[in-house]
Every structure is written in C-alpha cells, then in structure tokens.
Amino acid sequence: MPPHILKTGGTTWENRHHTFIENIDDLSEMWNSDNDDILQGYNEMTASIQAEIGQGIQHAKTMRALGGGWSWTRIATNARGSMYSTKYLNTRFSIAPSLVPGYKGDPQDLLFVQCGTLIYELNSYLERKKRALKTSGASNGQTMAGALSTGTHGSAFDFGAIPEFVVGLHIITGPDPAHSIWLERKSNPVASRDFASKINAVFTGDDELFNAALVSFGSFGFIHGIMIETEPLYLLECYRQRVTDLDALYRLMETLEFGNNSILPYPDERPHHFQVTLNPYDMENGAYVTTMYKRPYTTHYSPQDSTAKIGIGDDVPSFIGSIADALPGAIPFIVNGVIKNQYPLFNKQMGTRGEVFGDTELVGKLLSAAIGVPLHEVNRVRNILFDLNENGAAGKFTGVFAFRFVNASTATLGFTHFSPKTCVLELDAVYSNRIMQYYDDVWTRLDKENVNYTFHWGKENGLNPARLQNAYKERVDRWKAARIRLMDPATLQVFNNDLIRAWGLV
C-alpha cells in the first residue's frame, strides 16, 4: 500500500490545551506505506509530501505540519490553510554504515527518526535498546519535530534544549527532487553523501543554515527526518524538598555555584536537573526544589507507580488546570490546597528518563507562559513577579512560578540562547482573562525595566516585532536570510503563516 495523505474533512482545529480553535481549509492525516522496506516507504512519503507542496504552490495555499498539538500559540496553524497531522510518521532506523569518516562521536549514539515520532514513544524504544535521550521536556506528548522546532527547553542542567542533541535534518523545501535537503553542520560532519542519496536528498553542510533551521516552527519547509545523538541508558535519582533558607537559594539561582552547598541533597555534586518552584502564598514554609542526579543504569531499583496521577517528573501543568479561578481573597487558600495535594515531596526516587518524564495527562483548562532570562536577571525578575502579584492591576496570580536552568542553545532563534546558561521562568496558571492580563503586565514591566528576555515560541507570549528585535538582535536578520537561501519565493509563501508575519519574521 502506498503512503496515504487522507483528507479528514475537518475545517477547524483545537490545540491540546483547548485555549483556541483555528478555522482552516482542510486537515489531513499522513500515514506511511506498509512497505516492508522501511527506507523505500520513507522515500515514498517524501515524494508524497513534495506533491502536496506542489499543490500548495499551484493553488496559492499555505500548509503546516502538525505535531502533538501542545503549543499554546497558533504557531502550527494558519487561518484558511491546510494542516497535516504527522503523528503516524514514526519510522526510525540507525545509519552506522553510512557515516562520514570524520564523525567525532560514537556511531551507536545515532538514530534517525521520522518527524511524527512522539517523545514518549522514542523513550520507550530507546530503553529497549539500552539507550536514552540526553534531555527532554517535562511532558513528552510532543512529536520530535514539534519539540525541536519550538526549542523545547529540556530538563538537563548541564546540557541544553532539545535542539542540542540534533545533528542532522532532512527538510523538504519544494516540489522538485533538488528541494529535498539533507542538512547538517559543516563543522560537525555526521552522515555521508551516500546516506543523503539513500533518502533522495541533496547533501548540504552549512552551520548557518543548520542553526537557523533547528528552531523554525514549521517555516523552513517540511522537516521529514531528524538525526539525533543518544547516550547509554542511565537512571535519575530524584528529590523534591522544601528549602527554607531562601537567601542561600536565591544566591544559588543566580550563581549556580553548587560546591559545598548544604541546602541540596548532595552538597558537592552538580545536579542533572535543577528546578525551583515558588508558591507566592506559602513562602514561609520555603521553596520547592527539585533535583535529579544522573546514575549508572541498573535493574536493581523500584520504578515509580505507573498508575499514579502525578509522576516524578510531571510539572505544574499536569494539575494546575484543576484549580478554579476565584475571588482574590480565596486564591491563596485554593492554590495552597492544590499544591499540597498535587505537588508531593519525594526522596531518592529512581527511574529512567522515560519513567521520570512521561506523557503527562493534563487536567482542566490552563495557561502556560515561559520566558528565558540571563542568570544575572533571575532575582530581579523574581521580585517583579511577587510585586505584581501583590500590587498589580490584574490581582493575584492563580498559579506558581517555576525556574529551570539549561545550557545556552546554538539555535539561531533558540529562546534559551543566553550564555552560559539560561534560566527558564515558567508561569503556569488557570485559564482566565485575568491571568492573560497578569502576563501582559509582566511583559510591560520587564520592558520598562529593560530586562533582557525571550519568549518560549510555543507558549502564551506577548511577542511583537520590537520585542523580537530586543530579544534576538542580529539573529533575526540571520534567520530570515537563511530561510530565503533555503527556499524559493513560491515555497516561502506556502510555509508562511499569520503568526510569523505578526512577529516580523517575514
């Protein structure tokens, strides 16, 4: 059976968080063929995608590849355009015999995955091979291409965002054979030209193009395949504790100097994962600090209860939607009650990455915004949040503030680009107009105080051309120039959408 691109008849689409509905022209599901030759089936789908792009050019229609539907923004949609669900495009295979002689890594680290592969599916597959991802988000219902293309920030303190373990991209940039591109960094060669020819792609080694394409939210063409670097399977030793020495904790959040720090489980060891969650209505009992430490894999451990509603790695969005928005006087009591029951402390819980960070089941309707800030701004931003919570026009925030830390991204528009590490501030709350107003008040205050910050591309944000330029400066022009180099004008129109126009990226 050949690959199928099936029109569903759908003319609306709603994101997973139920925060918006987009009116579209049509929604299609993409299915691989049942060909026993995986490579041949993959190439047949490439040809089908190119035919769809040709139709888009011919009829002046836009198209967007749809992943897991996790984004709070309309980044994966376009009003009156065509959307293509990729979740059944989940082929994967190794390429060890087709490496370039100069590859610097271990061939067994490499895996080629199709765009629609879900992160939690990938975790399960890798565990069976005694391998693991180097990082992932806290909730892993995203597709690989979707998580990559929005720069999902990951959960590994000394690594970086998901784009950092990607070393090659198969991008379809038009309807003709010459528009099937195998893209990797010239400075870090991985696959041979023989591999590129096997997937019917033109080999391109270019650092600038590659770094721009990593975080491109569906605007650089259709990302069909992704080469990732994995590592040997490991365990995470996990803790969540209350820390009452807030002065010491706030210093740590700005310096990240872990040596001889008695407030964490291992005073002299750098954690693999470090997150601070502040409940503004219960600070007298301390902050919630989640740390994880990387350990060699062994079968001698007790995994977490798979039936538990909230897992070890599940973050605030897994339950915050269960909070009902309320009158300002009741908000502290409601938030405290839900946090106490749904955000448990734990001590020396063990699990693989896939077991710790699973496919979160969301409850209720919620909002999530996230910004990246440089380390020296962390405590200034924290003070702004607490001040607006007490004195802002929007009133009290029906949620909590979480701070996570990752290495700087190499992606041109990676929102975690602040070096050497970026603090990702997550603002998760119930869905309401008042919370949207609180977000707007935060962004306005950060602008007024000249705080350098970026927005998570897939979450609620206040992006506009001025804020984009302030956040990325010359990177904006470099990204736009790379996009023009990669696609001809007709194909550029197919992969434009309303949001990147509003942001000033077209």
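How many nonpolar, polar and charged residues are there in the lining of the largest cavity? The first legend gives the breakdown. The model shown is predicted, so local features need pLDDT of at least 70 and side-chain atom pairs count only at pLDDT 80 or more, while totals for chains, interfaces and linings use all residues. Residues are numbered from 1 along each chain as its sequence is written, and side-chain values use heavy atoms, with hydrogens and water left out.

**View 1. The largest cavity holds about 700 Å³ of space.** Of the 44 residues lining this cavity, S71, Q142, G146, A147 and T150 are the closest to its centre. By class, the lining has 17 nonpolar, 21 polar and six charged residues (Ala, Val, Leu, Ile, Met, Phe, Trp, Tyr, Cys and Pro count as nonpolar, Asp, Glu, Lys and Arg as charged, and the others, Gly among them, as polar). Two or more residues each come from β5, α3 (144-149), β13 (222-229) and β21, and α3 gives the most, with four. Helices (H or I, at least four residues) and strands (E, at least two) are DSSP runs, numbered from the N terminus. Searching the whole structure turns up three cavities of 30 Å³ or more. On a 1 Å grid over the protein atoms alone, a cavity is a set of points where a 1.4 Å probe fits but cannot get out, and a pocket is an open set with protein on both sides within 12 Å along at least five of seven lines; lining residues have an atom within 4 Å of a point. Grid points are joined across faces, edges and corners, and a volume is the space filled by probe spheres set on the points.

**View 2. The second largest pocket has a volume of about 230 Å³.** G67, G68, G69, S85 and K87 are the closest to its centre among the 14 residues that line it. Five nonpolar, five polar and four charged residues make up this lining.

**View 3. S419 and P420 are joined by a cis peptide bond.** Omega here is about 0°. Look for P420 in the loop between β20 (399-407) and β21 (421-430).

**View 4. A60 and K473 each have a positive phi.** Most residues other than glycine have a negative phi. For A60, phi is near 55°, and the residue is found in the loop between α1 (38-58) and β5 (63-66). For K473, phi is about 50°, in the loop between α11 (465-472) and α12 (474-486). A60 counts as exposed because its relative accessibility is 72%, whereas K473, at 44%, counts as partly exposed (buried is under 20% relative accessible area, exposed over 50%, partly exposed in between, with a 1.4 Å probe and protein chains only).
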